[in-house]
Amino acid sequence: MRRRVLLDTGPLVAFLNRGDRFHSWAEKMWANIEPPILTCEAVMTEACFLLSSTYGGKEAAIALLHLGIVQIPFDLSEEAQAIEESMRRYSSVPMALADACLVRMAELYPDSSVLTLDSDFVIYRKNRNEAIATIVPTASR
């Protein structure tokens, strides 16, 4: 079974912004991922905001959706209760909406890994006690 990749904001921004310190790493990761890459609207919102000073960045992020490379199969209104519970459980972190959505997506797609730069995914758990598989830069970077 093919492992699904769930996309967090950091690697998306790094991939689209050549000036990002993780750009080379993100390019290598994207080259080895079979589309579609799944994400949520909260990640796309964060990415577009962070790419607002990168020429063509927001447009490139939206183009990935238009081309089907990135897809959003997540409906926040249907998952609001689970999201609220996660955000409450991790209020001391604190958990962002995008992170809560990705944790829920990891529950909905049990064969998935989260492509992220966020170390909080070491803390977060899916199904209350299961570690979430992640794809992260090595410690030497």
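This note walks through helix packing, a few individual residues and some backbone details of the structure above.

1. **Ground rules.** The model is predicted, so to speak of local features a pLDDT of at least 70 is needed, side-chain atom pairs count only at pLDDT 80 or more, and totals for chains, interfaces and linings use all residues. Residues are numbered from 1 along each chain as its sequence is written, and side-chain values use heavy atoms, with hydrogens and water left out.

2. **The bend in α5.** Helix α5 covers residues 76–89 and bends by about 40° at A82. Helices here are DSSP runs of H or I with at least four residues, strands are runs of E with at least two, and both are numbered from the N terminus. The bend is the angle between two fitted axes, one for the seven residues ending at the residue and one for the seven starting there.

3. **What α5 hides.** E79, I83 and S86 are buried in α5. Buried means under 20% relative accessible area, exposed means over 50%, and partly exposed is in between, using a 1.4 Å probe and protein chains only. The buried residues of α5 pack against α6, residues 97–108. Contact, in this note, means heavy atoms within 4.5 Å.

4. **A100, on the α6 side.** A100 sits in helix α6 and counts as buried because its relative accessibility is 0%. Leaving aside residues up to four places away in sequence, A100 touches I83, S86, M87 and M95. I83 and S86 are among the buried residues of α5. For a distance check, A100 and A26 are 74 residues apart in sequence and 22 Å apart in space, C-alpha to C-alpha.

5. **α3 against α6.** Helix α3 (residues 41–50) packs with α6 at an angle of about 145°, and their axes are 8 Å apart. The axes are lines fitted to C-alpha atoms, for helices over the stretch in contact, and the angles run from 0 to 180 degrees between N-to-C directions. The crossing of α3 past α6 is left-handed, a term that applies if the near helix is turned anticlockwise from the far one by less than a right angle, with clockwise giving right-handed.

6. **Who meets whom there.** From α3 come A42, V43 and E46, and from α6 come L97, A98 and L102. Sorted by class, this contact has 5 nonpolar, no polar and 1 charged residues. Ala, Val, Leu, Ile, Met, Phe, Trp, Tyr, Cys and Pro count as nonpolar, Asp, Glu, Lys and Arg as charged, and the others, Gly among them, as polar.

7. A42, V43, M44, A47 and C48 are the buried residues of α3. Their cover includes β1 (4–7), α1, α4 (57–66), β3 (70–71) and α6.

8. **M29.** This residue is found in helix α2, residues 23–31. M29 counts as partly exposed because its relative accessibility is 22%. Residues up to four places away in sequence aside, M29 touches L115 and I135.

9. **Two loop side chains.** N17 lies in the loop between α1 (9–16) and α2. A polar atom of the N17 side chain lies 2.9 Å from the backbone nitrogen of G19. N17 also touches H23, L51 and T54, not counting residues up to four places away in sequence. S91 lies in the loop between α5 and α6 and counts as exposed because its relative accessibility is 52%. The S91 side chain reaches the backbone oxygen of R88 at 3.3 Å.

10. **Cis peptide bonds.** The bond from P35 to P36 is cis, with omega near 5°; P36 lies in the loop between α2 and β2 (37–38). The bond from V93 to P94 is also cis, with omega near -20°, and P94 lies in the loop between α5 and α6.

11. **Positive phi.** N127 is not a glycine, yet has a positive phi of about 50°. N127 lies in the loop between β5 (125–126) and β6 (130–131) and is partly exposed, with a relative accessible area of 39%. R128 is in the loop between β5 and β6, and phi of R128 is near 70°, a positive value in a residue other than glycine. R128 counts as exposed because its relative accessibility is 60%.

Key. A polar contact is a pair of N or O atoms within 3.5 Å; within protein, one must be able to donate a hydrogen and the other to accept it, and residues adjacent in sequence count only if both atoms are side-chain atoms.
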